Amino acid sequence: MNPEEVEFIAENKNVSIVPNFNFDRIYLISGDVGPFRAGLPVQVPIWMATNLRQRQKCRIMAPDWMDTEKLEQVKEEESQSRFFTKMPSEHYMVEAHLLLGVAAEDIPHADEIRTILKDIWDMRMSKLRSSVDAFIKTGGSYAKLDHLTTMEINSIRPLLPHALDELYKLQKVVRIFMSFLKNITLQNEQYQRKVF
Amino acid sequence: MESNDDVALSDEEPVTAQKVLQSLQEVWLNEKFCPELLQHQSDLVDCMLDQIQQMEENLRKLKKNDFRVVIHRMELDRIRYIVTDYLRIRLNKIENFVIHVLEQESSRNIEDAYLSPPELKFAREYITLLEEHLRLVALRHMPTNIQDFDKAKVAVTPNLSSHVFLRAKQNITGVVIEGDNENREEEVDLDENSQHIMQYKSVANYLKAGAVQLI
Amino acid sequence: MKCGSLPHYFSIEDIFATQERLPCKFVVPVHRLGFLDPSSESEDIAVGTTVELPYWLAKSLCCQRRNIVTVEMPKIYKEPYREILKADACVVDLHKFGLFFYEFGTYLSQLEHRDSVAIGSVLVQTFKERFRQVMDWAHNSGTDPLIIQRLDSLEKALFQEGYQTRAQLDAWLNKGASQITTAEMVINYKKRKLAVLDDL
C-alpha cells in the first residue's frame, strides 16, 4: 500500500467544521451529513472537510488532541517508554498532515503542533527500526504490534514481512534437515538394537 | 434525493448502503494483503455499483452548480476506486495463480465458489491463451516426448507461510503458530482489537470466518 | 527478484540460482563424457576427475540412488569462510562470491553433504546479522548507491523494497505542507529572459 492509500482510508474519519453557509442534510452513500447552519459546528468526513475548506466554505476545528499541551504530554510519555504508547488517534499523522495542510490558519499553534508531531513520529520510527531488527534477530515469526498506527505499519511493509518470509524459508531448510538426521539416527539405533 | 434506502442482499436481513460500503472496504483491504485469492463478494460489489448508478441518475437531475454535486461526485469517485482496485487485485491473483485457482475451484460447489461467474470465465480463457501461447512459441519445437503441457509442474502457488499484519475483530484463543525450533508449535491468544504480525496460514481460517481483519 | 513468494517453474532467479556451478569429483568412470573436462583429451571421464557442474546436474549425480560424483562446497560455504561470516557477517562482500548467496546456499544445504546443517545455519545467522545494515541503508537517504553492490540478490531486493517505501513516505510527508519549489522550467525561463536582457 502506498501512503496515499493510507491517507484515503484515514479521510473517512470525521472532523468538526464550522460552515459559513446554510444547507439541508446531504444523503451520502456512506451516511448522512448536515444539516449545515452557518456558524454552527457539524461533523463531516475529512475528505469533505478539506474540500469545503479549499473552497472557503468552512473553518476546520482542530480535533481535541491537536493541542500543544496534550501533544507535549504524549511526546513525554513516548520518550519515557521503551514500548510504543497509545496515540491520541489511530491516524494522528495523516489527520495532522491533511488538516494542517489545508487549514493551518484555523488551528491554533499550527507550527508548534507540526514540530511536536514530527518529534513524536521520528522517535517512534527509530523505535520501530530497533524493534524490527531485534525481532529478526530472535528468528521468531510472530509479534504483537499494539499501538502502531496504520501509517507506521505501512512504513515497514513490505520490508519486514518479506524479510520474515525469507528468513522462514532459510530456517525451514535447516529444520527439515535436522529432523531428517534425527530419523536416520533413530533408524540406526533400532537397527543396532536388533543386532545386539 | 434519498439514496440510503434499505438495500436487500440475497437471503439476508436488509442492510443499509452505508454498511455495505463498510464491508466492501474491509473486504478490499483483506484481498489486498492476503497472499491467496479469497472468496468473491459479488453481492457487495453489485450492490455498490447499483448505488453508484442510482446516484449518477439522481445527479443528472440536479443543476450543474448545485452545492451537492461536487460532494456526491467526490464520494462516487472514492467508492469507484475501492471497487476497481478490489477487482484489479483479484484479476492479478487469478492471472498469477491461474492453474492453482482453477484446480481449487473445480472441487467447490457453485454456492461456495471463490470466483464470480465473470472471473471464472476470465480464468478459463486466460489459461487457454497461456497454453496456446506456450505451445506456439516453445512446446511444438520440443522433442515429442516432452511436448506435454504439465499444468501441475508449472503451477504458481500462493505462499501461505508469508507474514501478514492483522487486527483481531473479537477475542480469539489458541491460534497455532509454528515455533522457532524444530516442529514445536505454540499457541497465542488474540484480544479484541489487538494488532499482530504472523504467518497467514495461522489465521487463514479466522480471516475467512470474519474474526480478523488484515491491515 | 520478487521477495516473499515461493520459487516456481517460471522464476528466472530460481533458474539462475540452480545453474550456479560447484566442483564435482567423479567416483565412477563415465564413458564418452570426456568433453566435460576441457583440460583432458580423453574420450572418457576417469575416476577422480574434478569438473565444475551446474547445481541441477550435480544434484542428480550425487544422490544416494545414483552415486556418480561427490560434490565439494564452493569456497564461501566452506568452514574458513563460515567462520568469517560468524565473526562479522556485515563486512563480507557477498556479491563477490556469486549473485545468489542465500538461494544457492539453500540448495546446497539440501544436498546430502556432511556440511549441510552447518551451511543452513550460517545462512540464517548471516541473514539476521546483516539485516539491520540492509534496513538502515534503505532508510537512509544519504546511502552511497555503490555500497549496495556488496549485497547478494536477496538482500538487494529487500533493500530496493525498503528504499522505495521510504521514498514514497518522504514524498508524502513533504507534500503540501512544506515549501512549494519552483518548477525547473520556470527557473530556466527566467534565466533565459535575463540572458536576453543582458544581450540588449
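Guide: Let us begin with a single bridge in this predicted model. Phe26(C) has Val69(C), a residue of S3(C), as its bridge partner.

Visitor: How many bridges join strand S1 of chain C to S3(C), and in which sense do the two run?

Guide: In general, strands of a sheet pair through backbone hydrogen bonds, in either a parallel or an antiparallel manner. Here S1 (residues 21-26) of chain C and S3(C) are antiparallel, with three bridges between them.

Visitor: In what order do the strands of this sheet in chain C stand?

Guide: The order is S2-S1-S3, an open sheet of three strands with antiparallel pairing.

Visitor: Let us turn to helices. At what angle do H1 and H3 of chain B pack?

Guide: Helix H1 (residues 17-33) and helix H3 (residues 67-96) of chain B pack at about 35°, and their axes are 9 Å apart. The crossing of H1(B) with H3(B) is left-handed.

Visitor: Which residues of H1(B) and H3(B) meet?

Guide: From H1(B), the residues include Leu21(B), Leu24(B), Val27(B) and Trp28(B); among those they meet in H3(B) are Ile79(B), Ile82(B), Tyr86(B) and Ile89(B). Charged residues take part as well, including Glu31(B) and Lys32(B) on H1(B) and Asp85(B) and Arg90(B) on H3(B). By class, this contact has eight nonpolar, one polar and four charged residues.

Visitor: How many residues of chain B are in contact with chain A?

Guide: The size of an interface is often expressed as the accessible area lost when the parts come together. Counted by residues, 36 of chain B are in contact with 30 of chain A. H3(B) gives the largest share of the chain B side, seven residues. That side has 15 nonpolar, 13 polar and eight charged residues.

Visitor: Which residues of chain A does the UniProt domain annotation cover?

Guide: The unreviewed UniProt entry assigns "DNA replication complex GINS protein PSF2 N-terminal" to residues 2-61 of chain A. In the model, that span is 28% helix and 32% strand, and its end C-alpha atoms lie 28 Å apart.

Technical notes:
Residues numbered from 1 in each chain as written. Chains lettered and ligands numbered in written order. Predicted model: local features only at pLDDT ≥ 70, side-chain atom pairs only at ≥ 80, totals over all residues. Axes fitted to C-alpha atoms, helices over the stretch in contact; angles between N-to-C directions. Helix = DSSP H or I, 4+ residues; strand = E, 2+ residues; numbered from the N terminus. Left-handed = near helix turned anticlockwise from the far one by under 90°. Contact = placed C-beta atoms within 7 Å. UniProt positions renumbered as here; feature names shortened; annotations may be inferred. Pairing = 2+ DSSP bridges.
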